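Hi everyone, thanks for coming. Today I'd like to walk you through one structure, a piece at a time, so please have a look at it first.

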Amino acid sequence: MTTHTSTAARGGDNSSAPARRPRQSPHRSSGLPDWVVPYVLLLPGLLVIAALLLYPLYQIIDMSFHKVGLAQIKAINPRPAEFVGVDNYTHIFESDLFWPSLRNTILFAAVTVALTLILGTLVGLLLNKLGKKMSMLVIVGIMAAWATPPTAQSVVWKWIFDSDSGVVNWSLNLVPTWLSELVFGVSDWSGHPWFNSTITIYFVFVLMVVWGAFPFIAVSVLAGLKSIPSELYEAAQMDGSGPFTTFRKVTFPLLKPVFSVLMVLSIIWDFKVFTQLYLLGGGTVNRDAFNLSLWSYAEAFSNPPKMGIGAAIAVVLTAILLVITFVYVRQIVKTEDDIR
Amino acid sequence: MRRTLTAGLIVVYCLAPFYWMVVSSLRRTVDIFSTTPWPSPPSLENYAAVFGGHSDFGRALLNSLIVSGVTTVLTLAVGVCCAYALARLTFRGKNLVLALIIGTSMFPGALLIVPLLKLFTELGWINTYHAMIVPSMSFALPLAVWTLTAFFRQMPHELEQAATIDGCTRWGAFRRVILPLAAPGVFTTAILAFFATWNEFMIALTMISKADMQTATIRVAQFGGASDFDTPFGTQMAAGVVVTIPLVILVLVFQKRIVAGLTSGALK
């Protein structure tokens, strides 16, 4: 219920009295007329966005139609770039790296977002059921994972899954041979490589990103659950509703705003992952494991650099992201309108 | 009982890698391949290697601190103004601005680095702090606006009314009444922006080639190098612990505020 009242309260301040109030004393105090204030306040932010996002966007689209190498970006009298039309785009669409990279990008985001949200919600529900001390203890434990910077994450997981001396292979060797062979089809794990094939790189990658991301979801869901009055649950219980029905009929609808924020945040975070893949895959060596970000980086900073092709890949990735974001941006902006 | 067990399993999943990082960092170099659950005998050898000799990790930490600190301050100055206008004022084109800011938070880093590298090469900015600070604002600013807008919305709008009646202009109300009251929200946003910048990797990797300008996150990854045959795991783990511990402490202390800051639009 809290969520509903809050939405109403939010709407209240958007269009209500103060803004339309007749100006009382435009000459007093700072001397700025009221109608200019919002634009003055927004100006620095819009300038930053224009300089840091719109200018690069224009530049990269321009570059994606040119052949850009070292000679074109050096500091002292750079040579003009040769216009190549859509050559860069034909090159990437015909490249045998295109479909695997696209598949890796989308599958990774879909699997990771889903797993993060599901695990996070389940842990949030669990935390709500635990005693105060116990839940505090668990929160401290899981938030430590969330706070670990991506570089440190990658370094640690790479070490854990190291083929010769990683603790994972060591532990798997403790499993009785017959069982290990039955379940995994591998009897000896010593030297088993995790970072050679795309599947196992992504297995570790997903495990690691979910590890670092779900604690935040869990704690947010917990905060949401705390705001639901317990009478609702008592009523649901009286009506004989089981835990699953209660979640679907009571918890989920009430926490829908929380879930949609968490989903947007997760999608934004997971689609753009670069650091962890770059470090787990050992830089740009393993081409099969590329996602679009890493492929773009690899082309732009290869030897010799093919910045035009890197730019074209970045444009394709941005286009995909914008289509996905568009739906969300429209939804968010629409909710603003509804509130009003 | 079953609940406690599940909770235990989850904590193990979360803490095990973390624990292993700490334990490995405390082993002697000769014991690094040992799999005992605690270091025996414990040693600070790896930490000495991180800070001593020619690796100069202290300088990298200082670089990280400067880049993150300056980015945070700049982002907040710009973000507070934007968020206030978006949350509490009515004006034409608001939806457009809102859509633009949310949309930009989706732009991938890959889009930025090539054009910015070209621009900064022309400007002679390569290997400087501002080559990291300025691009970092591109992701810190949307995050800050997102958090602060939600925060400003929660404040009762009678505040400005009262201020206006007392003879303040809109501008005066913002400066003298709203801003001081918003301090806790601004603080949460500062932590989040600091975090995001501290963790940044791609920009620092591209814009910096000189070792003494590298940030700590880059240095952690480059102990031994990505393709080096013999990775000095112990040193890497010690460096990992050093960059992680300050963040873990910050998160544990301000955990409630961080969650509220990121989701408050939807909660309370």
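Predicted model: local features only at pLDDT ≥ 70, side-chain atom pairs only at ≥ 80, totals over all residues.

Residues are numbered from 1 along each chain as its sequence is written, chains are lettered from A and ligands numbered from 1 in the order in which they are written, and side-chain values use heavy atoms, with hydrogens and water left out.

Let's begin with chain B. How many helices and strands does chain B have? There are 12 helices and 0 strands, where helices (H or I, at least four residues) and strands (E, at least two) are DSSP runs numbered from the N terminus. The C-alpha trace of chain B spans about 75 × 65 × 30 Å along its principal axes.

Of the 268 residues in chain B, 60% count as buried. Here buried means under 20% relative accessible area, exposed means over 50%, and partly exposed is in between, with a 1.4 Å probe and protein chains only. Chain B exposes about 10,600 Å², and carbon and sulfur atoms supply 70% of that area; accessible areas come from the Shrake-Rupley method with a 1.4 Å probe, and for residues only the protein chains shown count as cover.

Next, contacts, meaning heavy atoms within 4.5 Å. Among the contacts in chain B with a separation of 6 or more, 70% come from residues 24 or more positions apart.

Chain B also has a domain assignment, with domain 1 at 1-43 and domain 2 at 55-264; such bounds come from an automatic or database domain assignment. The C-alpha centres of domain 1 and domain 2 of chain B lie 32 Å apart. Their contact takes 6 residues from domain 1 of chain B and 8 residues from domain 2 of chain B.

Now for a pair of helices in chain B. Helix H3 (residues 57-88) and helix H8 (residues 170-181) of chain B pack at an angle of about 110°, with axes 12 Å apart. Axes are lines fitted to C-alpha atoms, for helices over the stretch in contact, and angles run from 0 to 180 degrees between N-to-C directions. That angle makes H3(B) roughly perpendicular to H8(B); the cut-offs are under 35 degrees for roughly parallel, over 145 for roughly antiparallel, 65 to 115 for roughly perpendicular, and oblique for the rest. On the H3(B) side, the contact uses Val80(B), Cys81(B), Tyr84(B) and Arg88(B), and on the H8(B) side, Arg170(B), Phe174(B), Ile178(B) and Leu179(B). The residues in this contact of H3(B) with H8(B) divide into 6 nonpolar, no polar and 2 charged. For that count, Ala, Val, Leu, Ile, Met, Phe, Trp, Tyr, Cys and Pro are nonpolar, Asp, Glu, Lys and Arg are charged, and the others, Gly among them, are polar.

Here is a handy general point: an α-helix has 3.6 residues a turn, so residues three or four places apart point the same way.

Now let's cross between chains. The axes of helix H8 (residues 150-160) of chain A and helix H1 (residues 2-25) of chain B come within 10 Å and cross at roughly 85°. H8(A) and H1(B) are therefore roughly perpendicular to each other. Which residues meet there? Val156(A), Trp157(A), Trp159(A) and Ile160(A) in H8(A) meet Tyr13(B), Pro17(B), Trp20(B), Met21(B) and Ser24(B) in H1(B). This contact of H8(A) with H1(B) divides into 8 nonpolar residues, 1 polar and no charged.

Staying with H8(A), 10 of its 11 residues are buried, so this helix is largely enclosed by the rest of the structure. The buried residues include Val156(A) and Trp157(A). Helix H15 (residues 292-300) of chain A has 9 of 9 residues buried, so H15(A) is largely enclosed too.

Finally, some single residues. Is Ser64(A) buried or exposed? With 0% relative accessibility, Ser64(A) counts as buried. Ser64(A) sits in the loop between helix H3 (37-63) and strand S1 (66-67) of chain A.

Ala81(A) is partly exposed, at a relative accessible area of 32%, and is placed in the loop between helix H4 (70-73) and strand S2 (82-83) of chain A.

Last one: Asn127(B) has a positive phi of about 65° although it is not a glycine. Asn127(B) lies in the loop between helix H5 (109-123) and helix H6 (130-154) of chain B.
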